[in-house]
Amino acid sequence: MFGKPEVLKGVRVLSCTQYILGPSCAAYLGELGAEVIKVEAPRRGEPMRHSTPGNEAFLYPLSRWVPGSGTGLGFFGANFNEYFVAMDFHRPEARELMYKLAAKADVVVENFRPGTFDRWGIGYRQLKEINPRLIYMWLGGFGGWGPGRVRASYDILGQAQGGAFSITGQPEEMGGSPAKHTIWLADYWGGMMGALQVLSALYWRDNVSGEGTFLEYTQVHGVTRQLEYSLPLYGREGVIRERWGNWDTQLCVHGIIRCGKPSYPQSDNPQEQEEGYILLSAYEDKDFANLCKTIGQAQLARLYKTHDVRVRPESQKEIYAALEAWAKDKTKEQVAQILGKAGLIVQPVWNAKEVASQPHWRERGAIFWLDDPTYGDVLSQGPAYKMSDTPPRVKWALRPVGADNEYIYGKLCGLSKTEIEKLEAEEVI
Ligand SMILES: CC(C)(COP(=O)(O)OP(=O)(O)OC[C@H]1O[C@@H](n2cnc3c(N)ncnc32)[C@H](O)[C@@H]1OP(=O)(O)O)[C@@H](O)C(=O)NCCC(=O)NCCS
């Protein structure tokens with residue numbers, strides 16, 4: 001892949017971003033070959049460096065002089081292939097640098113509160129005067145206008161307000177409550193949608209209008225956009241879609257069951273001593289009949305022969321109970337083996353260790369050991385897509401705050417080494 005061209009080579013992106021929503025947008029462009037310059041607060045960097053395991057929460061000033069310290073592992077994967085410069089947006093000298101960088105950039109990606117960059121004099125209003133071809137991608141919580149726009153937003157707020165939590169988790173009658181997704185779904189999905197907007201705007205600028213544009217993405221609405229049939233169901237029938245835990249309100253069997261025997265009973269990790277779980281899908285009549293026969297419960301197939309009878313809540317409770325009773329003395333691998341052999345769709349629920357050790361994903365480069373020049377070996381997940389002639393790629397994971405001050409400010413702003421050192425000492429950059 002490294003011998004092939006990069007599809008976005010020549011596109012320069014300024015990533016004034018924090019946490020995951022904005023950073024992942026820029027990183028997706030970086031994986032495609034754009035030159036992404038990440039701009040962070042001098043020394044301390046952006047907040048994501050200070051959260052998640054491996055962080056040293058504001059204990060030490062981060063800088064290129066302590067490269068191995070301080071950055072939490074959550075920062076990894078959202079900032080691939082980037083150059084790292086520092087800039088204190090409060091300082092007039094830094095703003096001048098921002099103008100110089102923006103004059104030579106194609107794209108700015110930013111996810112501060114709406115109005116913050118305008119207040120600092122570096123928003124779209126100001127930057128488009130310097131560079132009319134600039135594409136300005138703003139990602140935020142609630143949109144750039146309207147009474148509720150300036151509230152702070154995070155991934156979980158997006159999921160809560162957007163409607164995702166209310167349909168996730170066990171129903172109350174089973175002792176459950178709304179549940180959050182552990183992964184930063186609203187952020188990584190939002191970053192991807194932002195990248196889609198940027199690519200469309202680049203196409204428009206370069207093939208149609210010749211001009212830049214302002215783009216807006218809202219994290220909350222991005223969650224609502226994924227609510228599938230919940231809104232039409234409510235609008236048409238007045239029915240509020242319900243939670244149904246690890247099962248499915250529309251299909252049965254189509255869910256996760258518990259397998260009573262742990263796969264790694266000898267492990268010294270308590271998590272691995274737990275019982276296993278497996279996803280099982282056999283909702284067509286013939287598959288359900290096959291499933292019942294395989295587990296020695298042919299009477300279940302007779303009792304719940306058709307889809308409409310099977311999906312009823314009381315039927316599902318009985319069917320899943322029978323499946324779990326059968327799987328009580330088996331590991332998830334044993335269940336997968338028996339049901340897989342019968343031609344049914346099964347997949348053990350894997351943890352990170354199990355995911356990381358799959359030869360299929362290793363061979364395809366989806367999971368790989370990155371020999372990172374700064375951090376050494378990093379087990380990484382790469383782009384989830386392939387392109388035959390212009391493949392995406394991961395070149396490095398990340399660098400310390402301001403690591404590329406000299407290279408970028410020298411190359412794009414014409415600063416000398418001495419000038420850069422002075423600005424660094426004054427913590428402007
Ligand atoms: C993430 C979020 C809640 C943070 O809110 P916040 O820090 O209270 O407010 P802002 O976004 O306006 O950021 C302003 C602050 O950034 C800090 N900052 C970060 N980088 C900086 C830099 N390079 N230079 C100067 N200040 C910087 C300053 O402390 C500044 O506050 P100040 O002007 O009062 O000194 C907010 O930006 C937000 O809602 N963003 C949109 C949604 C989103 O992307 N959320 C994160 C993903 S889950």
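Colleague: Is the crossing in which α17 passes α18 left-handed or right-handed?

Modeller: The model is a predicted one. In it, the axes of α17 and helix α18 (residues 417–425) come within 10 Å. The sense in which α17 passes α18 is right-handed.

Colleague: Are α17 and α18 roughly perpendicular or oblique to each other?

Modeller: The axes of α17 and α18 cross at roughly 125°. Angles from 65 to 115 degrees count as roughly perpendicular and those over 145 as roughly antiparallel. The angle therefore makes the relation of α17 to α18 oblique.

Colleague: How many charged residues does the contact of α17 with α18 have?

Modeller: From α17, the contact takes Asn 405, Glu 406, Tyr 409 and Gly 410. Lys 417, Ile 420 and Glu 424 are the residues of α18 that take part. Sorted by class, this contact has two nonpolar and two polar residues, and the number of charged residues is three.

Colleague: How many nonpolar residues are in the contact of α2 with α17?

Modeller: The crossing of these two helices, α2 and α17, is left-handed. Leu 97, Lys 100 and Leu 101 of α2 meet Tyr 409, Leu 412 and Cys 413 of α17. Of these residues one is charged and none is polar, while the nonpolar ones number five.

Colleague: Which elements give two or more residues to the shell around the ligand?

Modeller: Around the ligand there are 24 residues, of which Tyr 19, Phe 112, Arg 113, Thr 116 and Ala 152 come nearest. By class, the shell has 10 nonpolar, nine polar and five charged residues. The elements that supply two or more residues are α1 (21–31) and β5 (135–140).

Colleague: Where is the cis peptide bond that has omega near 5°?

Modeller: Val 253 is in the loop between α8 (230–237) and β7 (254–259). The cis bond runs from Cys 252 to Val 253.

Colleague: What distance separates the centres of domain 1 and domain 2?

Modeller: The domain assignment gives domain 1 as 12–224 + 359–425 and domain 2 as 254–349. Taken over C-alpha atoms, the separation of their centres is 42 Å.

Terms used
Residues are numbered from 1 along each chain as its sequence is written. This is a predicted model: local features need pLDDT of at least 70, side-chain atom pairs count only at pLDDT 80 or more; totals for chains, interfaces and linings use all residues. A residue is near a molecule or strand if its C-beta atom, placed from the backbone, lies within 6 Å of it. Helices (H or I, at least four residues) and strands (E, at least two) are DSSP runs, numbered from the N terminus. Ala, Val, Leu, Ile, Met, Phe, Trp, Tyr, Cys and Pro count as nonpolar, Asp, Glu, Lys and Arg as charged, and the others, Gly among them, as polar. A crossing is left-handed if the near helix is turned anticlockwise from the far one by less than a right angle, and right-handed if clockwise. Two residues are in contact if their C-beta atoms, placed from the backbone, lie within 7 Å. Domain bounds come from an automatic or database domain assignment. Axes are lines fitted to C-alpha atoms, for helices over the stretch in contact, and angles run from 0 to 180 degrees between N-to-C directions. Angles under 35 degrees count as roughly parallel, over 145 as roughly antiparallel, 65 to 115 as roughly perpendicular and the rest as oblique.
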